[in-house]
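Subject: Structure for your files

Dear colleague,

Here is the structure for you to look over. My notes follow below it.

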Amino acid sequence: MAGHGRGPVRRRLRRLPWLWSAVAGMAVAWPAWVGSELPAPAPSPPRSGYEFARPETQAIQDDEFANPGLFWAERGAELWDSPDGVDGQSCSSCHGAADALAGVAPTYPKIDLASGLLINLEQRINACRTRHMGIGPYPLESDPLLSLSVYVTQQSAGQPLQVQIDGPAQPWFERGRSLYAERVGQMNVACTQCHDQRVGHLLRAERISQGQINGFPAYLLRWGTVSSVHRRFQFCNEQARAEPLPIGSDDYNALQLYVAWRGTGLAVEAPAVRR
């Protein structure tokens, strides 16, 4: 008898779409602090997303001919020496060979002394263009900007992440830690619930990683292009049915700082390949 009773109930519920809309609306209307929790301490040891990737994805990253991110690195190498602006300056005009920047990428995001703001590597590249080359910034997430970012990051391949979280960076770090623990969206989930509490479990066909960002900007197979970590944050927000923040926003920079700190000591992978 019980089995006969469930069918009609399910059919009646399916005829009430407004009920599901109401439930979702209540989840969105909850205050930000409802369901918040402290994130776990930094994982020990931190594990790269490479370790959680499928073998075929690892093989693409490891192959110096098959890794599609190398096209972005090559484009970045060309842009590094390409004159731009009225004065015909290039990145190499000030910095010389790109390998002079070895060890720089693992320290970002960091405080920009001129503005007092926390900025990431892409924003640093744009700051160089506007302040020192007298030309406009590249659009965020554009191919030229990501190509230069990949190329600069490539100079630090194998070096450990080592962001600074004290001094002027401390309020940004604390903000990032808060965002990491804040439940968002209709799914009412936080970063920490997946990337601390469910590491190694399957989410559909993918194994949940620690959410480390030592491979970004990375070539994302799901999009067929190189993407910044901010775009990946947006994707996570969308999966939680939350409104994504703008790429380059202060909050995403704060979150990037906190997540980079969680991966302290992880080797930079450039160009990395992720799903």
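How many helices and strands are there in the protein? There are 11 helices and seven strands, where helices (H or I, at least four residues) and strands (E, at least two) are DSSP runs numbered from the N terminus.

The model is predicted, so local features need pLDDT of at least 70 and side-chain atom pairs count only at pLDDT 80 or more, while totals for chains, interfaces and linings use all residues. Residues are numbered from 1 along each chain as its sequence is written, and side-chain values use heavy atoms, with hydrogens and water left out.

Overall

Of the 275 residues, 42% are buried (under 20% relative accessible area, with exposed over 50% and partly exposed in between; 1.4 Å probe, protein chains only). Among contacts (heavy atoms within 4.5 Å) with a separation of 6 or more, 67% join residues 24 or more positions apart.

Helix 7

Helix 7 (residues 143–154) meets helix 4 (residues 69–80), their axes coming within 7 Å and crossing at roughly 95°. Axes here are lines fitted to C-alpha atoms, for helices over the stretch in contact, and angles run from 0 to 180 degrees between N-to-C directions. Helix 4 is therefore roughly perpendicular to helix 7 (65 to 115 degrees; under 35 counts as roughly parallel, over 145 as roughly antiparallel, the rest as oblique). The contact includes Trp-72 and Trp-80 of helix 4 and Leu-146 and Tyr-151 of helix 7. By class it has 12 nonpolar, four polar and two charged residues, with Ala, Val, Leu, Ile, Met, Phe, Trp, Tyr, Cys and Pro counted as nonpolar, Asp, Glu, Lys and Arg as charged, and the others, Gly among them, as polar.

Helix 6 (residues 121–132) packs on helix 7 at about 110°, with the axes 9 Å apart, so these two are roughly perpendicular to each other. Leu-121, Glu-122, Ile-125 and Asn-126 are the helix 6 residues in this contact, which divides into six nonpolar residues, three polar and one charged.

Asn-253

Asn-253 lies in helix 11 (residues 250–262) and is buried, with a relative accessible area of 0%. Leaving out residues up to four places away in sequence, its contacts include Asn-120, Gln-123 and His-230.

Three strands form an open, mixed sheet in the order 6-5-7; strands pair if DSSP finds at least two bridges between them. Strand 6 (225–227) and strand 7 (273–274) are the edges. Strand 5 (residues 218–220) pairs with strand 6 in the antiparallel sense over three bridges, and Ala-218 has Ser-227 as its bridge partner.

Regards
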